[in-house]
Amino acid sequence: MAGVAAIAVAYLLLAHRGSSRAARPGDRWRAAMFLAGCALSAAALLPPIAPFAHEDFRGHMLQHMLLGMYAPLALVLGAPITVLLRALPAQRARTLTGVLRTKPMGVLANPITALVLSTGSLAVLYFTPLYDASAARPPLHWLLHAHFVLSGCLFAWVIAGPDPAPSRPGVRARLLVLGAAIALHAVIAQLMYGGFLIDVHAPIAQVRGGAEIMYYGGDVAELLLAAALVATWRPAGRPARVRRPAFED
């Protein structure tokens with residue numbers, strides 16, 4: 001919880017420093033979105049959700065939705081990379097931009113990589129003993145929380161983030177990846193509801209309730225992500241027409 005507060009304060013300080021140099025339209029909206037993401041993260045880690053998540057699989061799934069989908073989308077819409085670039089000195093900003101353009105970052109920020117790390121990892125979590133192991137080991141449990149947030153932020157950034165991303169594909173390709181995420185999310189939730197492949201030691205009612213939260217909550221989050229993609233899309237301008245002179249020599 002202290003970490004979430006520290007991140008929020010750091011963002012506000014950086015945003016203030018950047019806006020003091022050159023305020024731009026939308027700065028307040030971005031700050032509000034980032035703070036909303038921090039608030040959603042804190043809500044997932046505090047009572048009543050945190051105790052509910054420890055006692056009931058449905059609570060875990062609600063916590064997962066907040067940490068892995070809703071909070072990351074709000075955080076990414078806060079454009080933290082842009083805020084950081086505007087606050088840094090010019091030389092450090094160029095260094096950070098250079099890091100973003102490296103090949104490893106290009107691989108990490110590939111939509112397929114983001115899809116595997118975010119949605120694909122759910123199959124590993126729920127179809128192997130990993131979930132039960134994390135419930136019994138607090139350090140693994142917190143690592144799982146960190147994975148939810150980071151992989152969720154990565155996917156939201158690659159698909160619809162207003163921040164610059166290396167080698168970001170076109171809108172059609174990102175919509176296809178988002179569609180694959182929706183389909184994969186739905187399949188995992190349906191398998192969970194039917195009791196197929198699932199490796200979670202919890203009462204059937206809790207597992208089915210968690211599957212329903214995953215199915216419907218995931219749909220809403222992914223629709224919001226699609227809306228963000230449309231809202232942040234900037235179509236390339238048409239090339240200017242070159243007028244030919246009326247008379248040629």
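How many helices and strands does the secondary structure of the protein chain come to? It comes to twelve helices and zero strands, where helices (H or I, at least four residues) and strands (E, at least two) are DSSP runs numbered from the N terminus. Read from that end, the elements go α-α-α-α-α-α-α-α-α-α-α-α.

Before we go on, keep in mind that this is a predicted model, where local features need pLDDT of at least 70, side-chain atom pairs count only at pLDDT 80 or more, and totals for chains, interfaces and linings use all residues. Residues are numbered from 1 along each chain as its sequence is written, and side-chain values use heavy atoms, with hydrogens and water left out.

Now for the overall picture. Along its principal axes, the C-alpha trace spans about 85 × 40 × 30 Å. The protein chain has 249 residues, and 40% of them are buried (under 20% relative accessible area, with a 1.4 Å probe and protein chains only). Take the contacts (heavy atoms within 4.5 Å) between residues at least 6 apart in sequence: 77% of these join residues at least 24 apart.

Let's zoom in on helix 2, residues 27-45. Which residues are buried in helix 2? They are Asp27, Ala31, Phe34, Gly37, Cys38, Ser41, Ala42 and Ala44. Looking down the axis of helix 2, you'd find its buried residues within an arc of 165°, so they line one face of the helix; the arc is that of the directions from the helix axis to the C-beta atoms.

Technical notes:
Buried means under 20% relative accessible area, exposed over 50%, partly exposed in between (1.4 Å probe, protein chains only).
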